[in-house]
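Please look through the sequence and the structure shown below, and then read the report that accompanies them.

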Amino acid sequence: MALPTIAVPTFDVEVYSTKETVEMRPFLVKEEKLLIMASESGDKENMIRAMQQVINSCSNGKIEAEKLPFFDLQSIFIKLRSQSIGNESEFNLICGECGHKTPTTLNLDDIKLNISPEHTNKIMITDDIGVIMKYPTSDILANEDMPIFDLVVSCVDKIFTQDEIHDSSDYTTEEMEDYVDKLTSDQFEKIVEFFITAPKMFHNIEYTCPKCQAENTVVIDGVENFFG
Ligand SMILES: [Zn+2]
């Protein structure tokens, strides 16, 4: 006889980049095992892959996590983690002066999506030629060593003038590289600004080290803080 089916509660998650609301279930023991294994490896790429896999499973395939921008991946994972094992994460703050460890409890709901007011995905590179940028996917960011030039090439979505729109997917990588190669340094910097001002998930913790009294500011933005 089949064992009884265990019903799992669901909850809604908003995906910022697509403005969609997706129903998800909490992660289960099998997924928690996967996350613990990735966390113990200490490897960022492994952790990102595990986050992607768990989000795909818990959204029942409705989210394609590999294609999400990194901030959406983080934001959805935090929500999922809060719903599954609670919204508190315990870890040590390490003093920048003396290295003293101070245990702390972080409320994951405090990690917010920060959006810079001057951020735009539409960048004019001359008076009449502009580019529309797309966010790097979490897959691209799993590759930490990607040079900024390659990042720009892979994130140009469209190139437009007053009368034409060119979709980057209609061109080869070589053609796009060649186009970016011909930008002036100022034009290139304008495009790089898109990545600098892109939405980011983070939370600052300010505290005084109990051992040496140094004032510390710790930026919590790494995937490693979300697992434990
Ligand atoms: Zn200290």
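The report below goes through strands, sheets and a pair of helices.

The model is a predicted one, in which local features need pLDDT of at least 70 and side-chain atom pairs count only at pLDDT 80 or more, while totals for chains, interfaces and linings use all residues. Residues are numbered from 1 along each chain as its sequence is written.

Some terms come first. Helices (H or I, at least four residues) and strands (E, at least two) are DSSP runs that are numbered from the N terminus, and two strands are said to pair if DSSP finds at least two bridges between them.

**Sheets and hairpins**

Three strands form an open sheet in the order β5-β10-β11, and their pairing is antiparallel. Because β5 (112-114) and β11 (215-220) stand at the edges with a single partner strand each, one side of each is left without a neighbour in the sheet. From one strand to the next the twist averages 45 degrees, where angles run from 0 to 180 degrees between N-to-C directions and axes are lines fitted to C-alpha atoms, for helices over the stretch in contact. Helix α3 (residues 70-85) packs on this sheet and touches β5 and β10, its direction making about 65 degrees with that of β10; contact here requires that the C-beta atoms of two residues, placed from the backbone, lie within 7 Å.

A second open sheet has four strands in the order β6-β7-β8-β9, again with antiparallel pairing. Its edges are held by β6 (122-124) and β9 (165-167), each with a single partner strand, so one side of each is left without a neighbour in the sheet. In this sheet the twist averages 25 degrees from one strand to the next.

Strand β1 (residues 11-15) and strand β2 (residues 20-24) form a hairpin with four residues between them, and lysine 19 in the turn has a positive phi of about 60 degrees. The hairpin of β10 and β11 has six residues between the strands, and there glutamine 213 takes a positive phi near 65 degrees.

| Strand pair | Bridges | Facing residues |
|---|---|---|
| β1 and β2 | five bridges | valine 15 and glutamate 20 |
| β5 and β10 | three bridges | lysine 112 and phenylalanine 202 |
| β6 and β7 | three bridges | methionine 124 and glycine 130 |
| β10 and β11 | six bridges | glutamate 206 and threonine 217 |

**The helix pair**

Two packed helices are described by the angle between their axes and the distance between the axes. Helix α2 (residues 44-58) packs with α3 at an angle of about 65 degrees, and their axes are 10 Å apart. The crossing of α2 past α3 is left-handed, a term used if the near helix is turned anticlockwise from the far one by less than a right angle. Met51, Gln52, Ile55 and Cys58 in α2 meet Leu73, Ile76, Phe77 and Leu80 in α3. By class, this contact has seven nonpolar, one polar and no charged residues, with Ala, Val, Leu, Ile, Met, Phe, Trp, Tyr, Cys and Pro counted as nonpolar, Asp, Glu, Lys and Arg as charged, and the others, Gly among them, as polar.

**The loop between the helices**

Asparagine 60 lies in the loop between α2 and α3. Asparagine 60 counts as exposed because it has 12 C-beta neighbours inside 10 Å; a residue is exposed if 12 or fewer other C-beta atoms, placed from the backbone, lie within 10 Å of its own, buried if 20 or more do, and partly exposed in between. Asparagine 60 and aspartate 128 are 68 residues apart in sequence, and their C-alpha atoms are 44 Å apart in space.
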